[in-house]
Amino acid sequence: MIRKREPSVIGSTFKAWSISCWQAANPNCNLAQTLRWGPDQATPYHCDGIFVPAAWSRYLDQCKVLSSPVWEELSDHNPVVASFTPEK
């Protein structure tokens, strides 16, 4: 059990070696909406993401959030998709 005042070793380690694909592929952009819930479904909640080892950043081509009427029927979450090129 992790207490509130104790640092999270797992969290610190994760932050040290990983990157958010959205933020790496879309620098200086607002986070895209990934969750639509509550009375105001236009409020831009972003709670889904893809995190990868920082060493993979050079292979990252793009990261986007899919949005369409089809996804709105299937879920209250919009999928996050990242694409990579294996050898650059």
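Accessible areas here come from the Shrake-Rupley method with a 1.4 Å probe, and for residues only the protein chains shown count as cover. On that basis, the accessible surface of the chain comes to about 6800 Å², with 57% of it belonging to carbon and sulfur atoms. The model is a predicted one: local features need pLDDT of at least 70 and side-chain atom pairs count only at pLDDT 80 or more, while totals for chains, interfaces and linings use all residues. Residues are numbered from 1 along each chain as its sequence is written, and side-chain values use heavy atoms, with hydrogens and water left out.

As for the fold, the chain has three helices and four strands (DSSP runs numbered from the N terminus: H or I of at least four residues for helices, E of at least two for strands). Read from the N terminus, the elements go α-β-α-β-β-α-β. Of the contacts (heavy atoms within 4.5 Å) with a separation of 6 or more, 61% involve residues 24 or more positions apart.

Buried residues make up 18% of the 88 residues in the chain (buried is under 20% relative accessible area, exposed over 50%, partly exposed in between, with a 1.4 Å probe and protein chains only).

Gln33 sits in the loop between helix 2 (21–25) and strand 2 (51–53). Gln33 counts as partly exposed because its relative accessibility is 21%. Apart from neighbours within four places in sequence, Gln33 is in contact with Gln41, Ala42, Thr43, Pro44, Tyr45, Val65 and Asn78. Val80 is 47 residues away from Gln33 in sequence, yet their C-alpha atoms are 9.8 Å apart. A polar atom of the Gln33 side chain also lies 3.2 Å from the backbone oxygen of Leu35.

On the outside, Val70, Trp71 and Leu74 form a nonpolar surface patch with about 300 Å² of accessible area together. Leu74 belongs to helix 3 (residues 69–74), and counts as exposed because its relative accessibility is 62%. Patches take residues with over 30% relative accessible area and no salt bridge, joining like charges within 9 Å and nonpolar side chains (Val, Leu, Ile, Met, Phe, Trp, Tyr) within 5 Å; a salt bridge is a side-chain nitrogen of Lys or Arg within 4 Å of a carboxyl oxygen of Asp or Glu.

Terms used: Polar contact = N/O pair within 3.5 Å; in protein donor to acceptor, adjacent residues only side chain to side chain.
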